[in-house]
Every structure is written in C-alpha cells, then in structure tokens.
Amino acid sequence: MVGARPNFVKLAPVARALAARPGVEHLIIHTGQHYDPLLSDRFFEELEIPTPDFNLEVGSGTHAVQTAAVLERIEPLCQRLRPDWLLVYGDVNSTVAATLAAVKIGVRVAHIEAGLRSGDRTMPEEHNRVVTDHLADLLFAPSRDAIGNLEREGIKQERIAFVGNVMIDTLVRALPAARSLETHQELDLRAGSFVLVTLHRPSNVDDPAILGELCDALAEVQRRRQVVFPVHPRSREQLKQWDLTRRLGGVCLIDPVPYLAMLSLIDSAGLVITDSGGVQEETTFLGVPCLTVRPNTERPITLTHGTNRLLRPTREALVAACQNGFSRRTPPPALERWDGRTGERIVQALCDGAQFD
Ligand code: UD1
C-alpha cells in the first residue's frame, strides 16, 4: 500500500525484490493521496514500479477526511484479498489509515521505515508514525536510533528488524542515470554553487508570516547565489493565496521534478535547503551540505553522521547559514545498512523469517 510521493521511492526496491521471488504474488494498492501526475505517475514510470493493481482515489481533504476515506476504502479490499502481509511505508496519512483498517480485520501489517521520531507532536507525520508502529506486527527500522525509540516505547525486540534504509536502495540504483541527466545544465545552474530549495511542511508554509519571511530570505540569498525551488502543490497554493510569489525575487520557481531530475539536482547542488524527510537522508548519503528548516528531525543520524543542520525559519538565520553553509562535498559516511540491499533484507524477513538484529 502506498499513497504519497515519498512512499513510491521506498516501494520500488521492495517490489523488485519481491518480483525476484518465485511463488510470491505482490499486489500494489495506491490510495490516491497524491494524484498529480508530477507527484505520482512519473515516479512509477521512472522507478519502474508496476502499475498499481488498485487505486482508491481518495484525493485531498483534511486529515480526518483523507484518513477516513482510506480506512473506508481499504477495508473491503483487505477483506477480499486477505493478504499474508500488508506492507505500509513511511508516515503519511495513508500509512496510518491502512494499518488501522488491516489490523482490525486480522491482516498482518509490516511497517517499512519504522521507529522514526521527531518528538514533535504537532507534526501530522509524528501522529502517523507513533500509531502505525504500535499497531503493526513487524517493524523494519532504517537505523539503530529508530530501534532505540521503539524499545523506549515498550515495543518488544522480536517485532523489530534492522534492515537499513530502503530509500538509499533507490538512490544507489538511480544515481548513474541521474548524474547523466545533468538537470542543472537545463536550468542554467552552475554545478556545486547553486542552492536547491524544497519547502512544503505545514509549519513552514501554512502561516503567511513564516512563509513570507522564508521568501524574503531566499530572495536575499538569490542575490549572491542561484536559487532553484521546485514548488510542491501545497506550497504553490499558499504562495498564491497570500500573494507571496513576488517576494521570492529572482528565485527560479519550477514545478515539482521527477525523481531522477531531483536526484541530479541534489547531487550537483552546493547547498540544499529543505523541510523534507527524505532529502535530509539523500544529502547525507551524497555528502552535500543540507539546512533543514525545522526545530527537530526524526532522522538524527543525518545530524550526527551526515551533512545536515537544523535551522530556525527566520530570515536572519537562513541568510547567515547560507553565507557559510557551502562547504566542500564530504565523502559519504559509512552508515550501517544504508547499502542498497535493504529491499532484499525486507523480503528475506517476510518470506524466510530472517531476523536482522
Ligand atoms: C504528504 C505527507 C508528507 C509528505 C508529503 C510529500 C501527510 C500527512 N503528509 O504531505 O508527510 O512529506 O506528502 O509530498 O500524509 N495536492 C495536489 N496534488 C496532489 C497531492 C496534493 O495538488 O497530487 C495538494 C492538495 O491541495 C492538498 C495538499 O497538496 O490539499 C496537501 O496534500 P496532502 O497529501 O494532504 O499532504 P502533503 O502536504 O502532500
């Protein structure tokens, strides 16, 4: 079961590993939480994920409406299919809804990317993570800190498998193709010196004062460095609603980019400014400096072992951090089980009962 853009990136390696297993039938349910071709179809094509077998077409709505639509539509499907496992990914509304529906009718759930915690109960993703992990039967953790979080919450060791980071599987496989794209050239950007921006979290884009301040800061950075900003639909709506686009000055605004182009841009950027979860990990793996505009992160390994730094959403903080944020690219840290083989481990655990402590 997948629903939103970051889920698709995590599904690809698992789908490939399952396809290589004789006798295993893998069906894909897309909830339709993300329905724009730019956020959905392009990802399936590029990542060579089979077309979903079912699309629940839940679309947008408030958290309750979206979650309820997934609950209502996935229950009869799980009743009919009675899978051995329902695999759920990440921390989006579709993840928690599918988990709740499945466990209530006795379908076992495995959560991929379990145990991440920001400790910030104002984030919708944090509610989704906590509930999903407590309900799911098998928890696939990407890092040791995630296992620590689960254990602290009283979850028994036998429900947890340390398989590594599945998103890095996708990155490792796609990197040669992404590099050959040289997307920065199409946008007239100088490799190693431009700033790549992605912002879409409610905490940054749902308050006009904060979003306005971030726009001013980016416009100021743009005076010294080229800044490119692929704009998520949520952020585009807010920029338009509050007439903030003009405050971005000369910043190059583009539509959300497909996976390979995004990876190409991250890889050639001098600095990345983001509030995304996945981008914090991708920059760490590639050794590209990253500023995360959030008070906390559920991915602390990117701070302790990687290139990530947290940043307050103020003009002053952002401009100052950009002035000395460009550093030489560091070699990728050797993070345990971030090795491109996580999808295989997940399938070994599911099909052979392999334990990854
Ligand atoms: C969701 C996830 C977030 C993830 C992000 C990646 C939740 C709570 N949040 O946030 O964890 O980082 O996806 O992109 O599940 N919209 C479109 N077209 C689409 C999808 C959305 O225009 O295909 C617009 C709609 O106006 C919608 C808004 O974006 O109201 C928000 O979409 P939604 O799926 O609710 O959450 P995201 O902000 O995308």
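The model is predicted: local features need pLDDT of at least 70, side-chain atom pairs count only at pLDDT 80 or more, and totals for chains, interfaces and linings use all residues. Residues are numbered from 1 along each chain as its sequence is written, and side-chain values use heavy atoms, with hydrogens and water left out. The protein has 16 helices and twelve strands. Helices (H or I, at least four residues) and strands (E, at least two) are DSSP runs, numbered from the N terminus.

**Overall build**

- Along the principal axes, the C-alpha atoms fill a box of roughly 55 × 40 × 40 Å.
- Of the 357 residues, 57% count as buried. Buried means under 20% relative accessible area, exposed means over 50%, and partly exposed lies in between (1.4 Å probe, protein chains only).
- Among contacts with a separation of 6 or more, 69% join residues 24 or more positions apart. Contact means heavy atoms within 4.5 Å.

**Surface and charge**

- The protein exposes about 15100 Å², and carbon and sulfur atoms supply 50% of it. Accessible areas come from the Shrake-Rupley method with a 1.4 Å probe; for residues, only the protein chains shown count as cover.
- There are 39 positive and 45 negative charges, and their mean positions are 4 Å apart. Lys and Arg count as positive and Asp and Glu as negative; His and the chain ends are not counted. Each charge is placed at NZ of Lys, CZ of Arg, CG of Asp or CD of Glu.

**Nonpolar cores**

- The largest nonpolar core has 56 residues. A nonpolar core is a set of buried Ala, Val, Leu, Ile, Met, Phe, Trp, Tyr and Cys residues joined through side-chain atoms within 4.5 Å.
- F140, L196 and Y259 have the most contacts inside this largest core.
- Helix α1 (residues 5-19) gives the largest share of this core, eight residues.
- Apart from this core lies another, of 29 residues, including L86, V88, A114 and I155.
- Beyond four places in sequence, L196 is in contact with V228, P230, M262, L265, I266, A269, L271, V272 and I273.
- V228 lies in strand β8 (residues 227-230). V228 is buried, with a relative accessible area of 0%.
- The contacts of V228 beyond four places in sequence are L187, L189, F194, V195, L196, V197, C252 and I254. V228 and L187 are 41 residues apart in sequence, with 8.6 Å between their C-alpha atoms.

**Positive phi angles**

- Most residues other than glycine have a negative phi.
- E182 is not a glycine, yet has a positive phi of about 45 degrees. E182 sits in the loop between α7 (166-181) and α8 (183-186). Its relative accessibility is 34%, so E182 counts as partly exposed.
- D188, also not a glycine, has a positive phi near 60 degrees. D188 is in the loop between α8 and β7 (195-198). At 63% relative accessibility, D188 counts as exposed.

- D267 belongs to helix α12 (residues 259-268). D267 is buried at 12% relative accessible area. Beyond four places in sequence, D267 is in contact with L175, R179, L286, V288 and R329.
- P202 belongs to helix α9 (residues 202-205). P202 is partly exposed at 25%. Its contacts beyond four places in sequence are P124, D207 and R234. The C-alpha atoms of P202 and R234 are 8.7 Å apart, across 32 residues of chain.
- L56 is in the loop between β2 (54-55) and α3 (63-81). L56 is buried at 10%. Leaving out residues up to four places away, L56 touches I29, H30, T31, R73, I74 and L77.
- D243 is in the loop between α11 (233-241) and β9 (252-254). D243 is partly exposed at 46%.
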